[in-house]
Amino acid sequence: MLRSFARLSLSIALTAGASGIALGEDSLPPRKSGLWESKVTSEGGDSTVRQCIDEKTDTLAQSGMAGAATCSKKTLTKTSAGYETESDCKIGPISASGKGLISGDFESKIRVETTSVLSGLPSQKEPVTRKMVIETRWVGPCEKGQSPGDIILPGGKIVKMPGGAPTPAK
């Protein structure tokens, strides 16, 4: 489970960096505070996580993940349908070039579609193209005992953000 979370975190960090989240004059609107459930669908499989957010942790999530990467290009452009993104980023030995579409009302739902070309992946000689769809929906207020930033993994493990370690389910 922890390995799956690490792989999911890397994918989301690369995708976020490759999507150019929250940049310049065009920036994403804040999400409504509360508990958000995200279903990530990719060639590597599906995963669903929940995150308790408030204004501060939403800002950290949007800027922090993108900040994990060094990017030579990051654009976020508002369109009539939502936002288009494009970037070239690097995390350690891994390079990612990507494009994405972000739509939704940010009060109850958000949809992110990305295509990234990754190179420098361990045990991969050729660049790999990854497509990912993240469908996020507002579930309601955070549950009792949850702190803003908590990420609830499948199976109930909680990762305290930023930089927390998983804790057993209660």
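This is a predicted model: local features need pLDDT of at least 70, side-chain atom pairs count only at pLDDT 80 or more; totals for chains, interfaces and linings use all residues.
Residues are numbered from 1 along each chain as its sequence is written, and side-chain values rest on heavy atoms, with hydrogens and water left out.

C142 forms a disulfide with C52, the sulfur atoms being 2.1 Å apart; the criterion for a disulfide is a pair of cysteine sulfur atoms within 2.5 Å. This pair links distant parts of the chain, with C52 in strand β2 (residues 45–53) and C142 in the loop between β7 and β8, 90 residues apart. Strands are DSSP runs of E with at least two residues, numbered from the N terminus. The torsion about the S-S bond of C52 and C142 is about 105 degrees, and the disulfide is therefore right-handed. C52 counts as buried because its relative accessibility is 2%.

The search of the whole structure finds 2 disulfides. C71 and C89 also form a disulfide, with their sulfur atoms 2.0 Å apart. Here the linked parts of the chain are again distant, C71 lying in strand β3 (residues 70–79) and C89 in strand β4, 18 residues apart. With 105 degrees about the S-S bond, the link of C71 and C89 is right-handed. C71 is partly exposed, with a relative accessible area of 23%, whereas C89, at 5% relative accessibility, counts as buried. When bonded cysteines are counted along the chain, the disulfides follow the pattern 1-4, 2-3.

The loop between β7 (128–140) and β8 (151–152) also holds Q146. Q146 has a relative accessible area of 17% and is therefore buried. Beyond residues up to four places away in sequence, Q146 touches L35, C52 and I152, a contact being defined by heavy atoms within 4.5 Å.

Aromatic residues were examined next. Rings of Phe, Tyr and Trp (its six-membered ring) are paired if their centres lie within 6.5 Å, and planes under 30 degrees apart count as stacked, over 60 as edge-to-face and the rest as tilted; by this rule the count comes to 1 aromatic pair. The pair consists of Y83 and F106, which are edge-to-face at 6.4 Å centre to centre, with 90 degrees between the planes. Because Y83 lies in strand β4 (residues 82–91) and F106 in the loop between β5 and β6 (109–119), the pair ties together parts that are 23 residues apart in sequence. Both Y83 and F106 are buried.

The ring of Y83 also has the charged end of K78 over it, 5.0 Å from its centre, the criterion being that NZ of Lys or CZ of Arg lies within 6 Å of the ring centre and within 35 degrees of the ring normal. K32 lies over the face of W138, at 3.8 Å from the ring centre.

S103, in strand β5 (residues 94–104), is 20 residues from Y83 in sequence and 6.4 Å from Y83 in space, C-alpha to C-alpha. At 25% relative accessibility, S103 counts as partly exposed. With residues up to four places away in sequence not counted, S103 touches A81, K109, I110 and R111.

Conventions. Helices (H or I, at least four residues) and strands (E, at least two) are DSSP runs, numbered from the N terminus. Buried means under 20% relative accessible area, exposed over 50%, partly exposed in between (1.4 Å probe, protein chains only).
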